[in-house]
Amino acid sequence: MLVAVDFSDISRTAIDSAAKIAPGAVIHALHVYDVLFEGKMRYAGVDEGVIQQYREAADIEASRMMHEFLLRPGQHGATLPIVRYGHPSRVILDEAHTLHVDLILMGKHSRPGLNELFLGSVTEAILTALIATC
């Protein structure tokens with residue numbers, strides 16, 4: 001199973017749910033990060049080496065947060081961490097394909113009103129891509 005996580009309580013619930021759905025299954029916890037304002041920095045002519053330094057710092061921080069997230073009480077030992085850079089929906093689909101997972105789990109943030117009727121943009125992009133390949 002692949003569980004996309006953003007380190008929220010909802011992500012914790014998704015990992016717990018994965019363990020309940022398929023006890024004994026290998027659970028891959030995937031966090032996808034990006035660099036804040038990377039596109040704007042590139043547009044402004046910031047040196048690519050500087051942008052790469054920001055990307056490396058973001059990777060270190062995301063890896064640290066994943067480690068802490070998986071050490072919290074209630075997490076399961078069979079959960080394998082994956083931290084990747086990129087666009088979330090694309091990276092989630094690529095990892096699911098690479099790992100040959102049977103199931104992708106993603107938490108849903110609760111939003112009041114009409115927003116409850118709509119999926120998040122990452123979830124919607126993944127479902128659209130999966131439906132298109134059927």
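Glu38, Arg42, Glu48 and Arg55 are linked in a network of salt bridges, a salt bridge being a side-chain nitrogen of Lys or Arg within 4 Å of a carboxyl oxygen of Asp or Glu. The model is predicted, so local features need pLDDT of at least 70 and side-chain atom pairs count only at pLDDT 80 or more, while totals for chains, interfaces and linings use all residues. Residues are numbered from 1 along each chain as its sequence is written, and side-chain values use heavy atoms, without hydrogens and water.

Glu38 is buried at 6% relative accessibility, whereas Arg42 is partly exposed at 38% and Glu48 is partly exposed at 43%. Buried means under 20% relative accessible area, exposed over 50%, and partly exposed in between (1.4 Å probe, protein chains only).

Helix α3 covers residues 48-71. Its buried residues include Arg55, Ile51 and Phe69, and the buried residues of α3 pack against α1, β2, α2 and β3, where contact means heavy atoms within 4.5 Å. Another salt bridge, between Arg64 and Glu61, has an N to O distance of 2.4 Å. Arg64 and Glu61 lie 3 residues apart in α3. The whole structure contains 7 salt bridges.

Terms used
Helix = DSSP H or I, 4+ residues; strand = E, 2+ residues; numbered from the N terminus. Expected span 1.5 Å × (residues − 1).
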